[in-house]
Amino acid sequence: MLASRACSLIGKRAISTSICVRAHGHGIVKAEDFSLPVYADERTIPLPPVDYTKNLSSEQKALKEKEKASWASLSVDEKVALYRIKFHETYAEMNRGSSEWKTVVGGVLFFLGFSGLILIWQKKYVMGPIPHTFSEEWVAMQTKRMLDMRVNPIEGLASKWDYEKNEWKK
């Protein structure tokens, strides 16, 4: 019984939300229908399924009536106005470059600079001095010790040392 009650509530909720939505105590609001075609200015869609201007003014309606006659009687401005009813941008306007790359480059440089400041701060205040084991004297002593112990004599450091001449092999 509980399962049937839950299914009936879910079914009612699905039906009611697909038709309309209650808007925070302001009554019922019609939901947007995303199954209808929409206008999009894209180079890949040369002819959008709907016109750019949905609600025509009285001037635009008169121009649409004039459009049905001979196009030779239309002026260039009227032809452009008719084009703007159907389309928002021309191909040249769509292909026009933008200055967005400046924002991207500026953001990248900002974050690189900020990261550099963090590294400088860490080197000064977080990291200690360089350990004594990085000094040249220590590395030389460590290398001599490894040679004396004959570490990795087949392919490693000891294989490159001539023990008879006490120098590196050539």
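**Close-up 1. Asparagine 166 in the loop between β3 and β4 (167-168)**. In this predicted model, where local features need pLDDT of at least 70, side-chain atom pairs count only at pLDDT 80 or more, and totals for chains, interfaces and linings use all residues, asparagine 166 has a positive phi of about 60° although it is not a glycine. Residues are numbered from 1 along each chain as its sequence is written, and side-chain values use heavy atoms, with hydrogens and water left out. Strands (E, at least two residues) and helices (H or I, at least four) are DSSP runs numbered from the N terminus.

Close-up 2. Arginine 150, which follows α6, has a positive phi near 55°. Asparagine 152, in the loop between α6 and β3 (161-162), is not a glycine either, yet has a positive phi of about 55°. Most residues other than glycine have a negative phi. With a relative accessible area of 47%, asparagine 152 is partly exposed (buried means under 20%, exposed over 50%, partly exposed in between; 1.4 Å probe, protein chains only).

**Close-up 3. Threonine 53 in the loop between β2 (28-30) and α2 (58-67)**. Threonine 53 counts as buried because its relative accessibility is 18%. Leaving aside residues up to four places away in sequence, threonine 53 touches Gln60, Arg84 and Ile85, a contact meaning heavy atoms within 4.5 Å.
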